[in-house]
Amino acid sequence: MKVVYSDKHALHDPAFFLVRGERKESAEKPARADILLKAARAGGHEIVTPAYTGLVPVLAVHTPEYVDFLQVAQREWQKLDGAGPEVIPNVHPVRYRGSYPRAIAGRAGWHQVDGACPIGAGTWEASLAAAQVAVTAAQIVMDETRAGAAAPMAYALCRPPGHHAYADMAGGFCFLNNTAIAAQHLRTAHQRVAILDIDVHHGNGTQGIFYARNDVLTVSIHADPADYYPFFWGHAHERGEGAGEGSNLNLPLPLGSGDAIWLATGERALERIRTFAPTALVVALGLDASEHDPLQGLRITTDGFGRMASLIASLKLPTVLVQEGGYLGPELGDNLGQVLRQMSA
Ligand SMILES: [Zn+2]
C-alpha cells in the first residue's frame, strides 16, 4: 500500500494543553508520526511524498475566514503585550454566538473551541502539509481506480490529526479536517462517499461539515461522549439535518469497552455503509482506542485492530486511510502495522 508522508508535521510541536485545570505536556507529539512511519516502513509499504495541492481542496471544506485566521493567528498574537508563544484563547462565544470579532484574542476564541489546539509558529504549515498528504492519498486511490484497480487503498500519515476540526473551528489537537478534505476530494470522481471513523473520540468536526448533506455518509464508533471528549457531540440521536437527515450514524460505546463489542459495532457500521452504497470510503483511522493508549477510552487489542481492518477491507471499496489520533504507547506502531497488513491482505 502507498503511504503518503510529509516531514513538515514536525513544525507543529504543541508545548502544552490544559487538562482538569492543570498544565500538561501535549500528547500530540511529533514522535507519534516517527513511530507510525517506522511501522509503515517495517511493513514494506512504499513511502510517497505529497504533491503540492494548494488551498483549493482545503477551501472546499473550510471557510476562507477560518483559513485566513489559521495563517495569521500566531503572528498577530505575538503583537499582543505579554503574549505566550502559542495561541490559546481564554474567551469563547460558546452558546450565544454574537458577532465575529476583529481582535485576534476574540478571533482565537471564535475559531478555537477548546484549550487543546494551541497554534504555534509552525502549526499552519504543518496542518497544510497534512491536508496535502490526505489529498494526495485520495488522488492515488482515484488514479488507481481509473486505471482499473478493483479496490485500491492508500494511507495518509497525517499529523496534526483533523477529525475534530469543523468548517471554521479548531479543537482537540485538530486544525484542518484531513478526513473531510480527502472525502470531498474523492467526491470529484465519486457520487457517494462514506466515512467510517474508528478513533476513540467522536469525529465531531467531520460530522459537522457533512451534517446537512446526503452525498457523504458519516459513521463514527467511539467512547460515549456522555463521559468523554468531545462531550457535546457524538450522541446516538444526532442523525443529520435537512437533506442530510439519516446520513449521520453515531455508535457510542461505554467507556472501557473491548474488542467483542467494538467489532460487533463495526459490523453494524458496515451494514449502514453497504445500504448507503458508496463507491469510495475514507477511514478516519484513530489508533487511540488501544488498551494501551494514554487517553484510556476503550480497550482494543492489536488483534482487535487487525480484525476491524479485515472487516473494512471486506467492503472491497477504493479506500483512503487517514491517520487521526493514537498516542505514545507501547503498541502504537504494532497497531498501525496490523491494520495495514490486514487491509492489504
Ligand atoms: Zn482521538
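Student: Why is Asp-288 called buried?

Tutor: Buried means under 20% relative accessible area, exposed means over 50%, and partly exposed lies in between (1.4 Å probe, protein chains only). Asp-288 has a relative accessible area of 0%, so it counts as buried. Before we go on: this is a predicted model, where local features need pLDDT of at least 70, side-chain atom pairs count only at pLDDT 80 or more, and totals for chains, interfaces and linings use all residues. Residues are numbered from 1 along each chain as its sequence is written, and side-chain values use heavy atoms, with hydrogens and water left out.

Student: What makes an atom of Asp-288 a donor of the zinc ion?

Tutor: Donors are N, O and S atoms within 2.8 Å of the metal (3.2 Å for Na, K and Ca); water is not among the atoms, so sites may look incomplete. The protein donors here are Asp-199 (OD), Asp-199 (OD), His-201 (ND1) and Asp-288 (OD), at 2.0 to 2.8 Å from the zinc ion.

Student: Why is the arrangement around the zinc ion called irregular?

Tutor: Four donors are tetrahedral if all angles lie between 85 and 135 degrees; four are square planar and six octahedral if opposite donors are over 155 degrees apart and all others between 65 and 115; anything else is irregular. The angles around this zinc ion run from 52 to 151 degrees, and therefore the arrangement is irregular.

Student: What makes Arg-187 and Asp-215 a salt bridge?

Tutor: The rule asks for a side-chain nitrogen of Lys or Arg within 4 Å of a carboxyl oxygen of Asp or Glu. For Arg-187 and Asp-215 the closest N and O atoms are 2.6 Å apart, and the pair forms a salt bridge. Asp-215 also meets Arg-213 in a salt bridge, at 2.9 Å from N to O. By this rule the count comes to twelve.

Student: Are Arg-187 and Asp-215 buried or partly exposed?

Tutor: One of each! Arg-187 has 21% relative accessibility, so it is partly exposed, whereas Asp-215 has 13% and counts as buried. Arg-213 is partly exposed, with 25%.

Student: Why are Arg-307 and Asp-303 said to be about one helical turn apart?

Tutor: They are four residues apart in helix α9, which means a separation of about one helical turn.

Student: What makes Trp-262 and Phe-305 an edge-to-face pair?

Tutor: Rings of Phe, Tyr and Trp (its six-membered ring) pair if their centres lie within 6.5 Å; planes under 30 degrees apart count as stacked, over 60 as edge-to-face and the rest as tilted. The structure holds seven aromatic pairs. In the Trp-262 and Phe-305 pair, the centres are 5.3 Å apart and the planes stand at 75 degrees, giving edge-to-face. Trp-262 is in helix α8 (residues 259-276) and Phe-305 in helix α9, 43 residues apart. Trp-262 is buried at 0% relative accessibility, and Phe-305 is buried at 1%.

Definitions and conventions. Helices (H or I, at least four residues) and strands (E, at least two) are DSSP runs, numbered from the N terminus.
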